[in-house]
Amino acid sequence: MVSLNDYLYSGDTVLRILHNYIKDLRKDAKMTGNEIDMIHCNFLLQIQELLEHNDFLTAQSQKMREFYKYMAQEYPFMAFTFKGRIKSLIRAEEKFNGYIVEFIYDYYEEYGEYPSVAELKKRLRCFRDLIAYRIIISVPRCHLNSEEDREEQERKYLYQIANVLPGFLEEQGFSAEPAMGIKESTSPLLNESVKPYYRDYICSSSLNNYQSLHITFYDNSSRCYMEVQLRTKMMDDVAEIGTANHIGYEKEQEHDRARRDAVPEGECQYFDEAYERGMKLLNLDLAELDVNMFSAVNNSLINDGCGLYRGRLILPYEHLSRFQNDLID
């Protein structure tokens, strides 16, 4: 079985690692007739193309910048940041194999049999966040009557921005994708016309207090999907350094993807292979990797200059409110 781990110790660049991994995985898939590994190759090819042919990212980022300028004009009193990234190779590989493990495990528990290849293929068509942007807003204290007003005011502005975003980006060549009823918003602040497109994690409570608005767009010029998340600074703090931080999220995912007691080893090839690849990634010692422009002291102290583990930054924009910075553009 070919796995990503086999290519992380050669000193190669991320792009060369992708080339070699895809080539060998495709060769093995053809030889064994493994249909899921062929889907796997096509998934990895999307990441390769993002890294190889990234001219469209400049055009896409410029279109996002137009919304940044719109916000700077409409909300001069507000501070906000725009961030964009390409999902890292390791995270993407974890997610792909994790989806296989979770889907087959849950399906087997419910029905006592394994899903068909067609059903598994359908489950693996759901990747929409290889490119993701995040808009984070904050109303500085000098523009608030009192600190107690902050949450109400910022939430009001967040939904205002969410109401405008789909129409604005459609004029820039993007199409909003329906959320298919997932986390459907019940907020009166979100217009009925845009509710079908948002997954509202603000209205629906969660155990870890995660809050955010998520929307997916299809970029008609580059023919790829991208996700946009909208948060207040308080929501972002909870997601980054609070109860919903990524370490806790990863632990939850690790638990779900480490389950195999209900699935006997050797009965389902697709489960076994995805499970093994996932466990290999889970047990990586990042300090031992030899990837060009990547280094780590341990699994927490990491200098990722190539987007192998933390993703590649493509859009850092920051606007400070008036009276803090008069330069908007």
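In this predicted model, pLDDT, the predictor's confidence in each residue on a scale from 0 to 100, stays under 50 over residues 325-329. For that stretch the model has seven contacts beyond four places in sequence, a contact being heavy atoms within 4.5 Å. The protein as a whole has a mean pLDDT of 90, and 92% of its residues reach 70 or more.

A word on conventions. Residues are numbered from 1 along each chain as its sequence is written, and side-chain values use heavy atoms, with hydrogens and water left out. Because this is a predicted model, local features need pLDDT of at least 70 and side-chain atom pairs count only at pLDDT 80 or more, while totals for chains, interfaces and linings use all residues.

I turn to helix α2. Helices (H or I, at least four residues) and strands (E, at least two) are DSSP runs, numbered from the N terminus. Helix α2 covers residues 35-52, and its 18 residues should span 26 Å at 1.5 Å a residue; the end C-alpha atoms are 26 Å apart, which agrees. The expected span is 1.5 Å times one less than the number of residues. At the N-terminal end, N34 caps α2, with a side-chain oxygen 3.1 Å from the backbone nitrogen of I36. Among the buried residues of α2 are I36, F43 and L50. Buried means under 20% relative accessible area, exposed over 50%, and partly exposed in between (1.4 Å probe, protein chains only).

Next, R199 in strand β4, residues 198-200. R199 counts as buried because its relative accessibility is 13%. Its side chain is joined to that of E227 by a polar contact of 2.7 Å. Such a contact is a pair of N or O atoms within 3.5 Å; within protein, one must be able to donate a hydrogen and the other to accept it, and residues adjacent in sequence count only if both atoms are side-chain atoms.

Finally, the aromatic rings. A search of the whole structure finds 22 aromatic pairs. Rings of Phe, Tyr and Trp (its six-membered ring) pair if their centres lie within 6.5 Å; planes under 30 degrees apart count as stacked, over 60 as edge-to-face and the rest as tilted. One of the pairs is F174 with F217, edge-to-face at 6.4 Å centre to centre and 70° between the planes. This pair links distant parts of the chain, with F174 in strand β3 and F217 in strand β5, 43 residues apart. F174 is buried at 2% relative accessibility, and F217 is buried at 0%.
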